[in-house]
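Hi,

Here is the structure I promised to pass on. My notes on it follow below; have a look at the model alongside them.

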Amino acid sequence: MSEAVASPTLLFVDDEPGILSALRRLFRPHGYRIFIAESGAAGLQILEKETIDLVISDMRMPEMDGATFLKQVRSRWPQVMRVLLTGYADITSTVAAINEGEIYRYVAKPWDDNEIVSIVREATARQRLESENRRLTALTQAQNEELKALNASLEQKVAERTAELRQALSFVEQSHGELKKAFLTSVQVFAGVIELRSGPVGSLTAGHGRRVAEQARSVAKRMGLPDAEVQNIMLAGLLHDIGKLGLPDELLGKAYNTLSGEQRALVMKHPVIGQNILMGIEKFKDAALLVRHHHECYDGSGYPDRLAGIAIPQGARILSVVNEYDSLQIGTLVQRPLKASEALSFLVENRGKRYDPVAVDTFVKLISETQKPAISELPLRTMHLKPGMTLTRDLTHRDGYMLLAKGSALTGEIIGQLIRMEQTEQQTLTLYIRQEEK
């Protein structure tokens, strides 16, 4: 019982005594037991003798760097939470620590006192939650075995034990829910770090990953994909640009169609780099494949593998549509940032070429239902037309003559004629419809 309420024990590892002193001064008032070590080897010796709850290690240390040290900690003491102190120049080593040491968080030097204290508080709370989860799981298993051995005549006792079992299971489910929430929060924080890497253009890309993830998730659900695939698509949407962490600063905010051939070759590597970063983490393996292929085009003209049609994973086809809709508006795909209506028109015009037709149609319908006030006109296929809609542009036949003039109101009869024309003449019609302000 005393172990459950004991104060967490922290170990700080850094080759700079000043850093260790600063960390000890910062955390001592919070009631933690604290150990310090000036090298990775010294830290391992302390871990062999003491029960440590959380390690904070610097990245740059002689003989054994932080990534190597934390990898050994994960291997020998997997229950110990691991936090990395690193500089912005250590991105390669940081990725190694994330993949090999499976760190809980990394903190940039110089740290913010409130932030690092909050991170440690959350990490130790998560560790207690995981410990309680293991305890409750063991308790559930023990109770289940006990129930099997009970005499059938002791009905009242069986009922009491069953009630205890149900309560224990509810605690386990609650713990799993909290862990899942913490995992998604960590992914969202990491996605934010990717956008902060964009430097001066960060204000343009802020929220890009979150918008892509949410809209791709909505499209996937409308298309009836299984919950597990929807989850992977959302994770890939949040992290699809992780491979850009290694690009030069000057390329991060430039429109793709303005880049030189050499610059494009660099940018075209980022989906593969993104997959390589994520594939080492078991929970990200499926999402990593979507990250690799989110720049493939339906007609086979994309990268990195020039896949076409249904050879492209369905989640990647959805991400391509949603990602480029947002990129067109923030100006990272074409030179001039487009309005929402212009971006949507671009998607419709490239339906079946750059983009999966089903994904485009589903996304257009989603936009028409959820973002009407933001768009003055909406490009629609004939299957989505309704009587009473008004054209904002002339509708012209492919032979050059006008079918309907701008301002025309659609009727059921007109819509039927347009659908029959598409079927008999084998052509696709796109009509631009006025969106009413609400």
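Helices (H or I, at least four residues) and strands (E, at least two) are DSSP runs, numbered from the N terminus. With ten of its 14 residues buried, H17 is largely enclosed by the rest of the structure.

Before going on: this is a predicted model, where local features need pLDDT of at least 70 and side-chain atom pairs count only at pLDDT 80 or more, while totals for chains, interfaces and linings use all residues. Residues are numbered from 1 along each chain as its sequence is written, and side-chain values use heavy atoms, with hydrogens and water left out.

At the start of H17, a side-chain oxygen of Asp356 comes to within 3.1 Å of the backbone nitrogen of Val358. Polar contacts like this are pairs of N or O atoms within 3.5 Å; within protein, one must be able to donate a hydrogen and the other to accept it, and residues adjacent in sequence count only if both atoms are side-chain atoms.

Now to the other end of the numbering. Strand E1 has five of its five residues buried: Thr9, Leu11 and Val13 on one side, Leu10 and Phe12 on the other. E1 runs parallel to E2 (residues 33-37), joined by five bridges, and parallel to E3 (residues 54-58), joined by four; two strands pair if DSSP finds at least two bridges between them. Leu11 has Phe35 as its bridge partner in E2, and Val13 stands opposite Ser57 in E3.

Thr9, in E1, has a relative accessible area of 3%, and its side chain makes a 2.9 Å polar contact with that of Arg33. Ser7 sits in the loop between helix H1 (2-5) and E1 (9-13). Ser7 is partly exposed, at 39%, and its side chain reaches the backbone oxygen of Gly31 at 3.1 Å.

Cheers

Terms used. Buried < 20%, exposed > 50% of the residue type's maximum accessible area, 1.4 Å probe, protein only.
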